[in-house]
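I opened a new page for this chain today. The plan is to look up a few local features and note what turns up.

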Amino acid sequence: MTITRRFSLIAALLIAAGVHAAELPYNEAADAKVELKRALARGQAAKKPVLVIFGANWCQDCRALDTAVKSGKNAELLAQEFEVVKVDVGNFNRNLDLAAQYGNPIKKGIPAAVIVSPDNKVLYATRAGELADARSMNEGDVYAFFAKAAKTAKP
């Protein structure tokens with residue numbers, strides 16, 4: 001293999017790895033507490049609750065849920081009803097204090113969701129792993145789940 005060809009192959013692999021990393025839904029380097037404070041401030045300004053989604057990049061169900069909420073009527077619903085923040089739990093070794101603060105919604109699996117008021121009071125939380133099998137949920141299932149959660153979270 002020529003040096004030029006080898007260099008091209010390595011460059012292509014690096015670019016592919018960079019594109020793959022850019023697609024990951026959870027920012028592993030983010031300060032979740034800071035991100036949560038920002039989302040709460042946006043929620044207060046917009047008079048909307050905050051949807052906290054706990055998950056991890058290695059989790060296929062977390063990736064499936066992230067894909068499902070990024071487009072179509074699901075994206076519209078989440079944008080209309082919530083300020084959204086995603087919290088990376090790593091291999092169940094990151095941001096566990098935040099999960100505990102909200103009643104440990106990740107106990108039965110991830111992804112997990114909590115809806116909090118702009119003053120950080122829990123309005124709704126997954127407690128039974130409702131989203132932990134997100135790969136088997138279609139777009140309508142995801143929409144129905146979040147529509148019901150939004151309704152439950154309203155005063």
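My entries follow, one topic at a time.

I am working from a predicted model.

**Helix H3.** I started with H3, which spans residues 60-69. I wanted to know which of its residues are buried. I found Asp61, Cys62, Leu65, Asp66, Ala68 and Val69. They sit on the same side of H3, because the arc they cover around the axis is only 160 degrees. Next I asked what covers these buried residues. Two strands are among the answers: E1 (50-55) and E2 (83-88). Helices H4 (72-81) and H6 (139-153) also belong to the cover.

**Cysteines.** I checked two cysteines for burial. Cys62, already noted as one of the buried residues of H3, has 1% relative accessibility. Cys59 comes out at 5% relative accessibility, so I logged Cys59 as buried too. Both values fall under the 20% cut-off for buried.

**Nonpolar surface patch.** Which residues make up the nonpolar patch on the surface? I noted Trp58, Phe92 and Leu96. Together they have about 290 Å² of accessible area. I then took two members one by one. Leu96 belongs to helix H5, residues 96-101. Its relative accessibility is 35%, so Leu96 counts as partly exposed. Phe92 is in the loop between E2 and H5. At 37% relative accessibility, Phe92 is partly exposed as well.

**Backbone: positive phi.** Phe92 came up again here. Its phi is near 60 degrees, a positive value, and Phe92 is not a glycine. Where is Lys47 placed? I traced Lys47 to the loop between helix H2 (32-46) and E1. Buried or exposed? Lys47 counts as exposed, because its relative accessibility is 73%. The cut-off for exposed is over 50%.

**Backbone: cis peptide.** I looked at omega next. The peptide bond that joins Ile110 and Pro111 is cis, with omega about 0 degrees. I located Pro111 in the loop between H5 and strand E3 (112-116).

**Recap.** The patch of Trp58, Phe92 and Leu96 is nonpolar and on the surface.

How values were computed: Residues numbered from 1 in each chain as written. Predicted model: local features only at pLDDT ≥ 70, side-chain atom pairs only at ≥ 80, totals over all residues. Heavy atoms only, no water. Buried < 20%, exposed > 50% of the residue type's maximum accessible area, 1.4 Å probe, protein only. Helix = DSSP H or I, 4+ residues; strand = E, 2+ residues; numbered from the N terminus. Arc of directions from axis to C-beta. Contact = heavy atoms within 4.5 Å. Patch = residues over 30% accessible without salt bridge, like charges linked within 9 Å, V, L, I, M, F, W, Y side chains within 5 Å. Areas by Shrake-Rupley, 256 points an atom, 1.4 Å probe, with all protein chains shown as cover. Salt bridge = Lys/Arg side-chain N within 4 Å of Asp/Glu carboxyl O.
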